[in-house]
Amino acid sequence: MSAVPRNPAVVIPSRLAATRLPRKPLAEIAGEAMIVHVWRRAEAAEIGPVIVACADAEIAEVVTRAGGNAVMTNPDHASGSDRVHEAIELIDPGRQFDAVINIQGDLPTLALELPRATVNLLADGRYNIATIACPIADEWERNDANVVKAIVSVPPGEDHGRALYFTRATAPAGDGPLFHHIGIYAYRRDALARFVGLPPAPLERRERLEQLRALEAGMVIGVGFVDTVPLGVDTPAELRRAREWIEGGK
């Protein structure tokens, strides 16, 4: 059994290179850059210190100006997980933080209970990594390849379980719920180091889902269930929705 993490930190990876929404982290919402909104939500969750792992100096400047803690990382990282790992090693080489929560930098309307629910799963010593999912209610999500489905083995009477697979396909077949995976992760510190040291895996490449690398390597991912999917901002239309949500005070 792994020890229960006692001293977690939150790291938000952020870079300007985005194809569908250029310079996305600096997109203005209610007078502030989107990355600042995400940082404020992560701070409000009160999990632990929050660090923005930046690939670009412009992001670091806006975060620092708002009062946040920004760390410059290698702009050539292949994934956000690599960026998160570099940042936590830079600020905490002595490993005082025993868990790391990776929150995407495009979730400006993030509900505070979602990162809390994710890190709380690490109280179950079976899990190297924890994440969350929401039951799919809208029929269009079932067949949308942009909606990643989590296939989870849940013991009777439990409100969380072990991930068996993640896929862009409509799965599993048969009667029963499908689960929309939410890309927030909590890693035990050693698990994060192991994960980023693994080579990309065949199924990861095929599905374009990084978490499959961990499963193929035999790591155990716990999945908890929540009742809301945060608005991720990848397109101009989603940015408009985020502005309406925040500026409307919802």
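User: Which residues does Thr118 contact, leaving aside its neighbours within four places in sequence?
Analyst: Quick heads-up: this is a predicted model, where local features need pLDDT of at least 70, side-chain atom pairs count only at pLDDT 80 or more, and totals for chains, interfaces and linings use all residues. Contact means heavy atoms within 4.5 Å. With neighbours within four places in sequence set aside, Thr118 is in contact with Ala130, Thr131, Ile132, Ile184, Tyr185 and Ala186.

User: Is Thr118 buried or exposed?
Analyst: Thr118 sits in helix 4 (residues 113-120); helices (H or I, at least four residues) and strands (E, at least two) are DSSP runs, numbered from the N terminus. Buried means under 20% relative accessible area, exposed over 50%, and partly exposed in between (1.4 Å probe, protein chains only). Thr118 has a relative accessible area of 0%, so it counts as buried.

User: Which strand holds Ala130?
Analyst: Ala130 is buried, at 0% relative accessibility. Setting aside neighbours within four places in sequence, its contacts include Thr118, Leu121 and Gly222. Its own place is in strand 7.

User: At roughly what angle do the axes of helix 3 and helix 6 cross?
Analyst: Axes are lines fitted to C-alpha atoms, for helices over the stretch in contact, and angles run from 0 to 180 degrees between N-to-C directions. The axes of helix 3 and helix 6 come within 10 Å. They cross at roughly 130°.

User: How are helix 3 and helix 6 oriented to each other?
Analyst: Angles under 35 degrees count as roughly parallel, over 145 as roughly antiparallel, 65 to 115 as roughly perpendicular and the rest as oblique. The axes cross at roughly 130°, so the two helices are oblique.

User: Which residues in helix 6 meet helix 3?
Analyst: On the helix 3 side, the residues are Ser81, Asp82, Val84, His85, Ile88 and Glu89. Their partners in helix 6 are Arg189, Leu192, Ala193, Phe195 and Val196.

User: How many disulfides does the structure hold?
Analyst: A disulfide here is a pair of cysteine sulfur atoms within 2.5 Å. Cys54 is buried at 0% relative accessible area, and Cys134 is buried too, at 7%. The disulfide count is zero.

User: Is Arg23 buried, exposed or partly exposed?
Analyst: Arg23 is found in the loop between strand 1 (8-14) and strand 2 (28-29). It has a positive phi of about 55° although it is not a glycine. At 41% relative accessibility, Arg23 counts as partly exposed.

User: Is the peptide bond that joins Ala171 and Pro172 cis or trans?
Analyst: Pro172 lies in the loop between strand 9 (160-167) and strand 10 (179-188). Omega is about 0° for the bond that joins Ala171 and Pro172, and that bond is cis.

Key: Residues are numbered from 1 along each chain as its sequence is written. Side-chain values use heavy atoms; hydrogens and water are left out.
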